[in-house]
Amino acid sequence: MPPEQIETNISNPFERWFTLASGVDHIESRSLPGVSLIKIYFQPGSNADADLSTVSNLAMADLRRLPPGTLPPVVLKFDASSLPVCLITLKGQGLNETQLQDLGRYTVRNQIANVPGASVPQPFGGRYRQIMVYVDPLKLEAHQLSPMDVVREVNDANLILPAGDVKIGPYDYNLYSNSQAPSASDINAMPLKSVGETQSSVLVGDVGKAVDAQAIQTNIVRVDGQRSVYLPILKQGGDTNTIAVVDGIKSALQHLVDIPKQLIPKVVFDQSLFVKTAISNVLREGGVGLILTGLMVLLFLGSLRATAAVFLSIPLSALAAFLALGGSGGSVNTMVLGGLALAFSRLIDNSVIVLENIFRHLELGEAPEAAAERGGREVGLAVLAATLTTSVVFFPVVFLYGVSRFLFVALALAVVLSLFASYFVAMTVVPLFCAKLIKQRQADEELGDTFTWRWDGIGQMFNFYFKKVLEEYDRTLAAALRRPAATTVALAGISLLSLGLYPFLGVSFFPRTDPGQFVINLKAPSGTRVELTEDYVKKVEQIIRGVVPPSELQIIVSNIGITTDFSAIYTPNSAPHTAFVQVSLKENHKVGSYEYMRRVREQLSEKLPQLSTYFQSGGLVDAVINLGLPAPIDIQVSGNNLDAVYNTATKLAQPVRQLQDVNDVLIPQDIDYPALELDVDREKAGLLGLSQKEIVDNVVTALTSNGMIAPNYWIDPKSGNPYMLTVQYPEDAVKTVTDLKQIPLRGVKSSEPTFLDTVVKVKTIPSPTEVDHYQLFRVVDVYVSPKKEDLRTVTNQVDDIIKKTQIPEGVRVNLRGSVEGMRSSFRSFGVGLILSVVLVYLILVAQFASWEDPFIILLAIPPGLAGVLLFLLATGTTLNVMSLMGVVMMVGIVVSNSILIVEFARHLHHDGKPVQEAVSLASRMRLRPILMTSLATVLGMIPMAIGAEPGSEQYAPLARAIIGGLLVSVVITVYLVPAVYLIVHGKGEQQAQGVPS
């Protein structure tokens, strides 16, 4: 059935039924030749199992309206991660395509389908084994038979019938009959009719030949240049572990039974390798960062024992976070591990602040127990405030849109849980450690402005330069506090002016990662036969092998054409002239996937300009971020008039192709696919006793068999596997339109056959390859692939093109893809960040019992934001959801630094010191913990910020944002906060001194 009839008779009625389901976000559908695929997206947070049940019930309600021969609908649960986690390719010397397809379908698939968490669709490629009765058109004419006459007689003679049982004597016998043909050759002896006075039989063998063969091939798979078969392996749901599924599949393949010795099943395009690599690299970079952090802390504290006390907070906090996540039903994934790796440096901050203050009291001559108690109590408020503010700034995560929200909620939860755990460790374990294991002499020797190291002269050198830094800071701070207003205006002005760099910064939804593979979607000229499309694919594969050296090329898998069954769910192909080529690189490839894509793209445009191509990474990350769409920017043109919609899409695609920052532009749908229309003369047909059904059934049977209109099955007695038994012409029997017109027909009332052209006129018409819907409207997509990671520039240019293009009445244009999620997430994230800053302010107001001091503390944020923009711009990093999470973490850290100065200045001022002296002394004494925690955090982030390892590119923007914001904020905050504090509280002091007692 062609796509337009599928749309009218199947897709449209089902879509209208599905609108009755509750909680539906939107409905999409693809009407392909012989297949209708409908995707129903539900609102986030809805119960997937309940939704599945609702849709299944609604689908059953529409069964009566389906066209004859339509199979009942299959309802499956999908999510953004329901993508192949690996492929199993089948090869074997001496095994043909039919044998490979049969082994994949009935032997291999049956033995791996029970792997926990795995979903295994039917195999792609190969040729379906089928018992074929090839009828000769001339012999049919000679014996006055039509194709459907043969179908009816064969179906009546080959049946799966129970013969019952019979009781004879003392036994009850089961009865078996030969109602089914034992073999294909036996079908040749089946009688079709009796003729002549002698009533001699016309047998199937008289009009054709029954053979054990294969169905017409519409889908071809090539593995490394040879025709083959593969099975895609999918996860059953988002909670399923990718690594566990792939490992389970590999284990099951090692224990296959009943397969030929020469069959070689192989797991390729293993997405678990990317996950494993990402996890190991995150852990490695987190470990390296932890070592660098430890060296920095050791350099400042000069004591291995003190450093050990600080580092106690990391395993204890991480353990607490894992326990809390496990208890709440969460899982440990790369986002959680990445969040913890990034939080490691921040986890020690609370312990460092407490430890540094305890050591300061030890230096003043206090006993360890007293110093631990007083030192911990003094900074308790500051540490609690810092922990609360750092946690609260993660509030914007709940405002993220779509998949990014679910990704970052796990990260934020892990960080917040570990932060609170680190607070309890800092306020309990660290004071106890100091009271029992740190002696006063060690504090005198190992900490303070005069500490010395026992091992070498590094301590003296560091001490010497740190004194210089302190002296220089004292001098510059004194100068800044002499003119606090000018200092405030200058530093605040620099920070605010730096925010003007935002328009020059690239913006994307998610950082681009190298998945070690890429996919080429391609279209040959519309209507090209699948065999000729394969010839084009061969040339594409040759070009790929010429670009990617054998030392870096793992495997090439090509999928050409479509299968008119439920496997169409798992392929973007829509017709025989469409294909996709998957290229996998070896693990240690030196050239990145995107560079190879650029090189192959250039070669294809030069050598095969007749092909339309679209490149994508094919990785799990991009697929999830794009919600299954192949393009980050999808210009979706919708309306009811398909011609107007397609023409508008074409009109938009032309200027988009000319954009400098665009790589590929593809319209996946076609409306010029060549088709033949059969115009039946009903009056003539009626006179000949021919119904519309009889005519069409004969045409379908002759050309593509009776498999859909009058199916029949033959059970292989050896294996017990069912195969279709069908009647059709030999595949090469119809070569011209004249051959088509000569299909014999025979009416019920007539004994004489007639030909198709007697009652039918045949004319050529254009038709669509597929009809897609979005919210019940027809849509045509324009896939746009940007050259770089930056989406904002291209999106703005596309918006301008859409505004300048005249859109016909009844046609709408919308942007979808990851750009849709990017815009929604950024908009809501901005609102959430403002709300989180307000929450931080209110928390600080409650803790400090002041309206002014929290405002002074928050002045550390603008310099931090300026630092983020400067560092991202300097490193060529885009602003994306990852770097926004870096902004969130940076805000929490810089606010913590500001709290240290303000809280201690308040403490000294309340003890009777003048404001200027109090703020100067507080700034000087808190400089060491601020530098210690900030530099430790920066050093800990450096390995991740470099992003040199596969999979670590996604965390690099986050680390870079923290490093840039922290460096700039620390430098400006230690001058800006004291200056504003002096302005605010200095006036109050002057007023108090001016009032007579």
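Colleague: Phe14 and Phe18, buried or exposed?

Modeller: Phe14 is buried, and Phe18 is buried too. Keep in mind that this is a predicted model.

Colleague: What kind of aromatic pair do Phe14 and Phe18 form?

Modeller: A stacked one. The centres of Phe14 and Phe18 are 5.8 Å apart, with 25 degrees between the planes. Stacked applies because planes under 30 degrees apart get that label.

Colleague: Where do Phe14 and Phe18 sit in helix α1?

Modeller: Helix α1 covers residues 3-18. Phe14 and Phe18 are four residues apart in it, so about one helical turn separates them.

Colleague: And Tyr171 with Tyr173, what sort of pair is that?

Modeller: Edge-to-face, because the planes of Tyr171 and Tyr173 are at 65 degrees and the cut-off is over 60. Their ring centres are 6.1 Å apart.

Colleague: How exposed are Tyr171 and Tyr173?

Modeller: Tyr171 has 54% relative accessibility, so it counts as exposed. Tyr173 has 40%, so it counts as partly exposed.

Colleague: How many aromatic pairs does the count come to?

Modeller: Eight aromatic pairs.

Colleague: Switching to charges over rings. Which ring face does Arg129 lie over, and which does Arg926 lie over?

Modeller: Arg129 lies over the face of Tyr723, 4.4 Å from the ring centre. Arg926 lies over the face of Phe904, at 4.2 Å from the ring centre.

Colleague: Let's zoom out. How many helices and strands does the chain have?

Modeller: There are 33 helices and 29 strands. The C-alpha trace spans about 140 × 75 × 55 Å along its principal axes.

Colleague: What share of the residues counts as buried?

Modeller: 54% of the 997 residues in the chain.

Colleague: And the contacts, what share joins residues at least 24 apart?

Modeller: 79%, among contacts between residues at least 6 apart in sequence.

Colleague: Cavities next. How many of 30 Å³ or more turn up?

Modeller: Four, from a search of the whole structure. The largest cavity holds about 50 Å³ of space.

Colleague: What lines the largest cavity?

Modeller: Arg346, Asp349, Asn350, Ile353, Ala386, Ile893, Ser896, Asn897, Leu900 and Thr933. By class, that lining has four nonpolar, four polar and two charged residues.

Colleague: Which helices each supply at least two residues of that lining?

Modeller: α12 (334-363) and α31 (881-910) each do.

Colleague: Which elements give two or more residues to the lining of the second largest pocket?

Modeller: α27 (792-804), α30 (861-875) and α33 (956-994). The largest share, three residues, comes from α33.

Colleague: How does the lining of the second largest pocket split by class?

Modeller: It has 12 nonpolar, nine polar and 11 charged residues.

Colleague: Backbone now. What is the phi of Gln144?

Modeller: Positive, about 55 degrees, although Gln144 is not a glycine. Gln144 lies in the loop between α4 (137-142) and α5 (147-157). At 29% relative accessibility, Gln144 counts as partly exposed.

Colleague: And what about the phi of Phe269?

Modeller: Phi of Phe269 is also a positive value, near 50 degrees, in a residue other than glycine. Phe269 is in the loop between β14 (264-268) and α9 (271-301).

Colleague: Does Phe269 count as buried or exposed?

Modeller: Buried, at 7% relative accessibility.

Colleague: Last one, Leu411. Which helix is it found in, and what does Leu411 touch?

Modeller: Leu411 is in helix α15, residues 403-437. Leaving out residues up to four places away in sequence, Leu411 touches Met335, Gly339, Phe394, Met885 and Leu958.

Colleague: How far apart are the C-alpha atoms of Leu411 and Phe394?

Modeller: 9.7 Å, and the two residues are 17 residues apart along the chain.

Colleague: What relative accessible area does Leu411 have?

Modeller: 0%, so Leu411 is buried.

Terms used: Residues numbered from 1 in each chain as written. Predicted model: local features only at pLDDT ≥ 70, side-chain atom pairs only at ≥ 80, totals over all residues. Heavy atoms only, no water. Phe/Tyr/Trp six-rings, centres within 6.5 Å; stacked < 30°, edge-to-face > 60°. Buried < 20%, exposed > 50% of the residue type's maximum accessible area, 1.4 Å probe, protein only. Lys NZ or Arg CZ within 6 Å of the ring centre and 35° of its normal. 1 Å grid on protein atoms, 1.4 Å probe; cavity = no way out; pocket = protein on both sides within 12 Å on 5 of 7 lines; lining within 4 Å. Points joined across faces, edges and corners; volume = space filled by probe spheres on them. Nonpolar A, V, L, I, M, F, W, Y, C, P; charged D, E, K, R; others polar. Contact = heavy atoms within 4.5 Å.
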